[in-house]
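Reader: I have a structure to look at and would like to go through it step by step. Where should we begin?

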Amino acid sequence: MNNIVEYMTEVLILLFVVITFLQSGIDKMTDWKGNVSWLQEHFKETFMGGMVPLLVGVITLLELLAGGMALVGIITVAISGTTLLAFYSLVIAAITLLLLLFGQRVAKDYAGAFTIVGYFIVVVLGVFLLSWQ
């Protein structure tokens, strides 16, 4: 329990990643057709229009990986105080958000891109905090 208290800020950020990324990844898996259909329309005027199913698959995999690793990272922090897995989960989350940001900018969805910035700031704060461990 002392480890949770010692790393409370980091654990809260990891919980944020677990909730955000696992929900998003699971949503894409359970409503694959709906997500791909919406995104094909979103990207139809861009060079990524023909690659949407592949790109959704990559993003889904990264979201599930980041969220799952963050969940296991919380457990390892709680049990042993080890933060390496937690750190790498946040790095993967940051890379995923950068890919999503790139997509929104390409689609000229500047409001959507702006929304991602908030998530990115939280995740990068976690990377920063864990990089000192």
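Reader: Which helices are included in what covers the buried residues of α5?

Author: Bear in mind that this is a predicted model. The buried residues of α5 include Phe-87, Leu-90, Ala-93 and Leu-97. The cover over the buried residues of α5 includes α2 (8-30), α3 (32-42), α4 (52-80) and α6 (110-131).

Reader: How far apart are the end C-alpha atoms of helix α5?

Author: Helix α5 runs over residues 84-106, which makes 23 residues. At 1.5 Å a residue it should span 33 Å, and the model agrees, because its end C-alpha atoms are 33 Å apart.

Reader: How many residues of the largest nonpolar core come from α5?

Author: The largest nonpolar core has 25 residues, and Leu-90 and Ala-93 are among those that touch the most other members. Each of α2, α4, α5 and α6 supplies at least two residues of this core. The largest share is that of α5, with 7 residues.

Reader: Which residues does Leu-14 touch, not counting residues up to four places away in sequence?

Author: Leu-14 is one of the core residues that touch the most other members. With residues up to four places away left out, Leu-14 touches Ala-70, Ile-74, Ala-86, Ser-89 and Leu-90.

Reader: Is Met-48 buried or exposed?

Author: Met-48 lies in the loop between α3 and α4. Beyond four places in sequence, Met-48 is in contact with residues including Phe-102, Gly-103 and Val-106. Its relative accessible area is 8%, and buried means under 20%, so Met-48 is buried.

Key: Residues are numbered from 1 along each chain as its sequence is written. This is a predicted model: local features need pLDDT of at least 70, side-chain atom pairs count only at pLDDT 80 or more; totals for chains, interfaces and linings use all residues. Side-chain values use heavy atoms; hydrogens and water are left out. Helices (H or I, at least four residues) and strands (E, at least two) are DSSP runs, numbered from the N terminus. The expected span of a helix is 1.5 Å times one less than its number of residues. Buried means under 20% relative accessible area, exposed over 50%, partly exposed in between (1.4 Å probe, protein chains only). Contact means heavy atoms within 4.5 Å. A nonpolar core is a set of buried Ala, Val, Leu, Ile, Met, Phe, Trp, Tyr and Cys residues joined through side-chain atoms within 4.5 Å.
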